[in-house]
Amino acid sequence: MSDVTPRFAVVGHPNKGKSSIVSTLSEDDSVQISSIPGTTVKSREFPMRVGDELLYVLIDTPGFQRARRALAWMQERETDAASRPGIVKDFVLNFQDTDEFQDECELLAPLTDGAGILYVVDGSAPYGPEYEAEMEILRWTGRPSMALINMIGEGDFADQWSDALGQYFRIVRVFNALHEHFDKRLDLLRAFGQLDERWREPLERAVRGLNSDRQRRRDRGARYISELLYDILTIAETRKIGPLDDPEDFKEALLEKFKGSLLKREASCRDRIESLYSYHKLERDEENLELFDEDLFSEQTWVLWGLNRTQLIATGAVGGAAIGASIDIAVGGADFMLGTVLGTLVGGASAVYSSDKLAEVKVLGLPLGGNELKAGPTKNINFPYVLLGRALHHHAVIASRTHAQRDALVIEGDTESFTLRNMTDTLRKSFEKQFTAIRRDTEDTGAESATRELADLVRRAMAEAESAVGSTD
Amino acid sequence: MLADLVDLGPELEKDDALSLGDRQRRDALFADSLPGSPDTAQGTTQDTYGPIDRVSAWLSHRLGDDETEGDRVARGRRVISVLLALAGLLVGWAAAMALFRYDGTHPVNVMWVLAVFVGLQLITLILFLIAALPKTASRLPGLAGIQQALVGLSPGRIGLALTRLLPANSRHALNAFIGRSTKNRRLFGGVTRWIVLHWSQVFALMFQIGAIVGALSLVVFSDLAFGWSTTLDLGANAVHRAVSALSLPWSIPAPQAVPSLELVETTRFFRLDPKRAGDIATANAANLTRWWPFILLSMIVYGLLPRLITLVVSARRLRANIKDAIRYYPGTDELLDRMSGNIIKTQAVEPEVQMPKPTYHELGKVETAGARASVVDWSESGLTEGSIDKLLADTLGFSKGQLNVAGGARSLAQDQAVIDAVVALKDGPVVVIVKAWETPMLEFLDFLRDLRRAAGERRSIVVVPTGVEDGAVAPARASDASVWAERLETLGDPWLKFKAVTA
């Protein structure tokens, strides 16, 4: 196993996307990305660790600001090609505590410490001779180097750049920091490994680690979506009202509360999935979930000691039977068990007729019971599919987004079709079976197993959607 | 552990204000202080120093020693358990008083005693077992409905009503928890179900203890006479066989507690024949008491012991459900990942150093048209000479006096030569054309400072960012132009002017 940890300094002109590349590769949206040149003032390390094991380090650096002047200083001291790396080191030592070449010292110091070079240029703008001084300095370091042509804007001068960069750098790649797919990022890491034989093994392990982490995120995302589906199918809002209150007075507020619960639940799932992919407080631009037009309210039920009417009657009957039985026992059965029979009937009947009165009785200032108004759960058969489509679409957008993108997350389009269009009949039937089972399990005795089975189905739906529209990873 | 479940949600919600990096650093640091090997988020809910223990330790660390909402809920639950235990004890004792009542006429009917303290207990035990069947078994048709009804009818539900008797803070905390549980049944459904079932076992066990204590006290402090009576056509042999079967568990360790055939034969009584009852009482006074070891052991073996087991089972199931709820609570996975050693981290460890805010000075206004300008094409913009003439005329109203090229691949000495050439022409503005899409580097600002020093104050220097397309002038992006303007404003040169070629 190699004991050398690969280190790469991301260097180049200011404002050419160095920080965007670092942000994308490190999945860190705390990296400041700004159109103002010189935003990065200090080098900053992004170590990639699996547990405690350090596999590689990316270093974001400030851009060259006085490349020609720095090169001029170095050229004055050059004796031969072999002296160049040492001269670069001397340059850093000479100027690191001064203001004159602050940026150059920041970006060259990691190179003189053995880091590889990842040189970034903007391939959407034309090549210019002003880049040659800094490329020459980088060549003088003697470090393994790769150039990345970052396509920031709409122009395409990649070929022009490639011709120039190929004369200075071992490997030249085109890479779009804002939109590059996950697989391409892994390819880039593998390419780093080609720069130095000793780096190949840790970078391969890094790639494997990132791949399995990606799978873990997908599995977790499926689970979060399945939990959302389960909750949405079972969410209800209840409100206890007095026996003399008119339920119509409370329906509107209860409906708003119910809708709020649904939206909050969906938003919570979104937040969890975004957090899973290392996004924090992303601004989202999407259409709100709309409820279908259905009657969500259920009839009032009696609430007495937490029992509904059926349970109350049963409890009353059992209680009456117990009292009747004790009478039978006391008289030695002389009443031919009539006590038990009558007790059951009386107990049950009294539970029916007296529960109104009992509900009004207060114990310690609190009424014994009353009515309960309930909104939900939704029984619309399409609703879970709408939700599933939205959730899968959101997941696909997040999974393919890069951390260099700083605009609001836009989720648009016919997200319901996203699911229904791509779902096979077999899968849809499996979902329907699960949804039906969840709706029927009103005491949630099978919640955990249902969620697990749903998660499997969601994973299959993710795979089907990706294979139908092209990979998003 | 219930306290942990209650406190977990609010604590995780507080993290919304922290960045992912801050959370990661905080929790990784805490995890390093924990004893034992790191565990992954895929750990089981076994009772080892695993995921649940790590969450519990994290909560203790976060919450400190102050009483929490979770503590109040746990305390409330314990108080209700005690109340149910007392109620069970009382009801059991009262039932024993009623069933073992002997007024000297008819003996205590062993059949009734067995029916209530053994038969009924076994029936309710079976009902509990049905209600407690695992979730996978609840898939049997109709079983889920029966389970729901049984949990609904469970005496443990009285515990929910007893919250009214709790002190205000415990009552509010417990009611809030019940409210949260109702809203999030997927997570909490199992927990509330097993709280109710556990309470029911507390009541049932204490009922049995109360009954045994009541029965024992009557046996010890009064003289009871036992017999058996039934309308059914059962001979003594059949009854003897039945009681012998019931006595199997103690037939070897306590054979004296197994009713003999003689005892069965001699203790049957009929209420219709008071003479016979009296004869039994007179002839078999000592015999009539010999049923009590059998009765007591029946109450213990078939009433008390199973309830001890179901109490332990329900406590364990409750604990397991609480652990599952904690394990699958939204946010727990992420917390465990942060504390785990197996997480992949790629983010920066240190925060970014902020760029110091520069001081901006207003740039001067471009002079009126007609001047002859010295032009510097910085970094070989790519404009043809004709385009440069056109740019001067259209954008500034100037004509070209001389044209020099500086920057780019040229040396510093060549830049200095350009400055010397510009200065040689003592009058007229200096126009520096730059590529709008490139950023203004310190190297360019150095050049402007050197030019200013050489040209003297008051000589107008105009920086013109422009786009270039096929050698001709193209409009610069507004964002690029503003970057240039902002950079130049930091120089504090009142005779420095700026004019971008924009759309």
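Which residues does A:F431 touch, not counting residues up to four places away in sequence? In this predicted model, the list consists of A:L229, A:Y385, A:L388, A:M423, A:L454, A:L457, A:V458 and A:A461.

A:F431 also belongs to the largest nonpolar core, a set of 45 residues. Those with the most contacts inside this core are A:F431 itself together with A:I225, A:L229, A:L388 and A:V458. Several elements of chain A each supply at least two residues of the core: the helices α8 (197-234), α9 (248-276), α12 (383-400), α14 (425-440) and α15 (447-469), and the strands β12 (369-375) and β13 (409-411). The largest share, nine residues, is that of α12(A).

Helix α9 of chain B, residues 185-221, provides the largest share of the patch, with three residues. B:F221 lies in this helix. Its relative accessibility is 73%, and because the cut-off for exposed is over 50%, B:F221 counts as exposed.

Helix α1 of chain B, which spans residues 2-14, is another case. Of its 13 residues, 10 are buried, so α1(B) is largely enclosed by the rest of the structure. The buried residues are B:L2, B:A3, B:D4, B:L5, B:V6, B:D7, B:L8, B:G9, B:E11 and B:L12. The helix is also bent, by about 35° at B:L8, and the proline B:P10 follows within four residues. B:L8, where the bend is located, is one of the buried residues.

Technical notes. Residues numbered from 1 in each chain as written. Chains lettered and ligands numbered in written order. Predicted model: local features only at pLDDT ≥ 70, side-chain atom pairs only at ≥ 80, totals over all residues. Heavy atoms only, no water. Bend = angle between axes of the 7 residues up to and from the residue. Buried < 20%, exposed > 50% of the residue type's maximum accessible area, 1.4 Å probe, protein only. Core = buried A, V, L, I, M, F, W, Y, C linked by side-chain atoms within 4.5 Å. Contact = heavy atoms within 4.5 Å.
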